[in-house]
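Please read them with the model open beside you.

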Amino acid sequence: MTSNKIISTARKEGRTALTEIEAKKLLSEAGIACTEIKLAKTAKEAATAAKKMGFPVVLKIVSQDILHKTDVGGVKLNLNNEEEVDKAFDEITKSARKHKPKARIDGVSVQPMAKPGIEVIIGMSKDQQFGPVLMFGLGGILVEVLKDVSFRIVPLTKRDAREMIKEIKGYPILQGYRGHEPANIEMLEDILLKVSEFVEKLPDIKELDINPLFAYKDGALALDARVILES
């Protein structure tokens, strides 16, 4: 089982934080669609991966010691050719080392730019009394500004998942607004249930964030993920 192997490796290395690449492998195993992702250790590897993947692409710093990549200048979006990728690789690694000189940097991840969708967040944290608690809300920077989220205790039922989605104030956005396509609500319910089952099977996971998850009319796609293990 990939998830157990990834967690075991992190434990052996004395880590409690998984990289985005590792986190997405876990989510993919749980049946949650994630953006394609490749690790590049050099600018040349990044350019080769981007060309194979197809432009435009996104580059992100990969480090167990950097959880908030944008805070260290560790993300470059909408790169349209090999030259831009090469330049972005150098800028990202230099910026990360400047902000976090002691961080272990594994390289840079290369991912395709996803088509725009409605940004939502799915998270999990452990309550001392109730255990794993799932969170759902509007994602991206909106979650910090609006704090429009709902919570349920794991394990979730289908009714729980439906209520979590409908009770946020931003629910009308998910239904479609001003010409924007609606999100696939049933798909979001299914993802919440998969995350519930996922964290229940893996008690080693202390925290989980999928943010943003792009919700579309015909599906959903996890663009970023963070997993923290029990210490």
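This is a predicted model: local features need pLDDT of at least 70, side-chain atom pairs count only at pLDDT 80 or more; totals for chains, interfaces and linings use all residues.

The points below cover charges, rings and backbone.

1. **Salt bridges overall.** How many salt bridges are there? The count comes to 20.

2. **Lys 69 and Asp 224.** These two side chains meet in a salt bridge, at 3.4 Å from N to O. Lys 69 sits in the loop between strand 2 (57-63) and strand 3 (75-79), and Asp 224 sits in the loop between strand 9 (219-222) and strand 10 (225-229), so the pair ties together parts that are 155 residues apart in sequence. Are Lys 69 and Asp 224 buried or exposed? Both are buried.

3. **The network around that pair.** Lys 69 and Asp 224 also belong to a network of salt bridges.

4. **Lys 76 and Glu 91.** Here the closest N and O atoms of the salt bridge are 3.1 Å apart. Lys 76 is in strand 3 and Glu 91 is in helix 4, so this pair ties together parts that are 15 residues apart in sequence. Lys 76 counts as partly exposed, at 27% relative accessibility. Glu 91 is partly exposed too, with a relative accessible area of 34%.

5. **Lys 158 and Glu 189.** Lys 158 forms a salt bridge with Glu 189, and the closest N and O atoms are 3.4 Å apart. The pair links distant parts of the chain, 31 residues apart: Lys 158 belongs to helix 6 (residues 158-166) and Glu 189 to helix 8 (residues 185-201). Why does Lys 158 count as partly exposed? Its relative accessible area is 44%, and the partly exposed class runs between the 20% limit for buried and the 50% limit for exposed. Glu 189 has 4% relative accessibility, so it counts as buried.

6. **A negative patch.** Which residues gather in a patch of negative charge on the surface? They are Glu 82, Glu 83, Glu 84, Asp 86 and Asp 90. Glu 82 lies in helix 4, which covers residues 82-99. Glu 82 is partly exposed, with a relative accessible area of 33%.

7. **One aromatic pair.** The structure holds one such pair. The ring centres of Phe 214 and Tyr 216 are 6.3 Å apart and the planes stand at 85°, so the pair is edge-to-face. The cut-off for that class is over 60 degrees. Phe 214 counts as buried because its relative accessibility is 9%. Tyr 216 counts as buried as well, at 10%.

8. **Two cis peptide bonds.** Most peptide bonds are trans. The bond from Val 154 to Pro 155 is cis, with omega near 5°. Pro 155 lies in the loop between strand 7 (149-153) and helix 6. The bond from Asn 211 to Pro 212 is also cis, again with omega near 5°. Where is Pro 212? It lies in strand 8, residues 205-216.

9. **A positive phi.** Most residues other than glycine have a negative phi. Asn 78 is not a glycine, yet its phi is positive, at about 55°. Asn 78 has its place in strand 3. Its relative accessibility is 42%, so Asn 78 counts as partly exposed.

Technical notes: Residues are numbered from 1 along each chain as its sequence is written. Side-chain values use heavy atoms; hydrogens and water are left out. Patches are made of residues with over 30% relative accessible area and no salt bridge: like charges are joined within 9 Å, nonpolar side chains (Val, Leu, Ile, Met, Phe, Trp, Tyr) within 5 Å. Accessible areas come from the Shrake-Rupley method with a 1.4 Å probe; for residues, only the protein chains shown count as cover. A salt bridge is a side-chain nitrogen of Lys or Arg within 4 Å of a carboxyl oxygen of Asp or Glu. Lys and Arg count as positive and Asp and Glu as negative; His and the chain ends are not counted. The place of a charge is taken as NZ of Lys, CZ of Arg, CG of Asp or CD of Glu. Helices (H or I, at least four residues) and strands (E, at least two) are DSSP runs, numbered from the N terminus. Buried means under 20% relative accessible area, exposed over 50%, partly exposed in between (1.4 Å probe, protein chains only). Rings of Phe, Tyr and Trp (its six-membered ring) pair if their centres lie within 6.5 Å; planes under 30 degrees apart count as stacked, over 60 as edge-to-face and the rest as tilted.
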